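The sequence and the structure come before the points.

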Amino acid sequence: MDVFRRCRSCKGRFKVRPQSPNQRYCSSHERQLTRRRLWQKERLRSDSDYRENQLRASADWRARNPDYWKSYRQKNPLYVVRNREKQKKRTSDRAGAKMDVWALDSDLRSGTYILTAVSNSLRSKMNAWIVQLTVLKATEGPLADRL
Ligand SMILES: [Zn+2]
């Protein structure tokens, strides 16, 4: 069934695209918004005065509205949950990327290794362990086709 809404910008009635159920603007105003965002992104990248002005303006705004985000989070618990999930994903993506680089750089092979704690290695090798490491073939994840 078709869903219709009023555009937030021109108040005209528009049909919501089924693939974007949260659509709030008619298609022509959505295009305008997209253009403006792209313009601003490019300007932020290329114009350091503009960037400084924007940073200053948003710092001023935060200083004038110190409780905005706190009360926004209280009113929108779902936002908090989603944000936490996104942050978790970003953190684990980064960990994955790091592990990837480490695996490629170190060229780790199966074999016998001496394992020492970093803090011990400077003083003596007395507490070193001799360990056997076996590189397992990764069958999934970022390392799958690299080991
Ligand atoms: Zn519109």
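1. In which helix does His 29 lie? The model is predicted, and in it His 29 belongs to helix H1, which covers residues 27-46.

2. Five helices and four strands make up the secondary structure of the protein. Their order along the sequence is β-β-α-α-α-α-β-α-β.

3. Is His 29 buried or exposed? His 29 counts as buried because its relative accessibility is 15%, and the cut-off for buried is under 20%. Across the protein, buried residues account for 12% of the 147 residues.

4. Which residues does His 29 touch, once its neighbours within four places in sequence are set aside? The contacts are with Cys 7, Ser 9 and Cys 10.

5. Cys 10, at 39%, is partly exposed.

6. How many disulfides does a search of the whole structure find? The search returns zero. In general, a disulfide is a covalent bond that links the sulfur atoms of two cysteines.

7. Two values describe the protein as a whole. Of the contacts between residues at least 6 apart in sequence, 13% join residues at least 24 apart. The accessible surface comes to about 13000 Å², and carbon and sulfur atoms hold 55% of that surface.

Notes: Residues are numbered from 1 along each chain as its sequence is written. This is a predicted model: local features need pLDDT of at least 70, side-chain atom pairs count only at pLDDT 80 or more; totals for chains, interfaces and linings use all residues. Side-chain values use heavy atoms; hydrogens and water are left out. Helices (H or I, at least four residues) and strands (E, at least two) are DSSP runs, numbered from the N terminus. Buried means under 20% relative accessible area, exposed over 50%, partly exposed in between (1.4 Å probe, protein chains only). Contact means heavy atoms within 4.5 Å. Accessible areas come from the Shrake-Rupley method with a 1.4 Å probe; for residues, only the protein chains shown count as cover. A disulfide is a pair of cysteine sulfur atoms within 2.5 Å.
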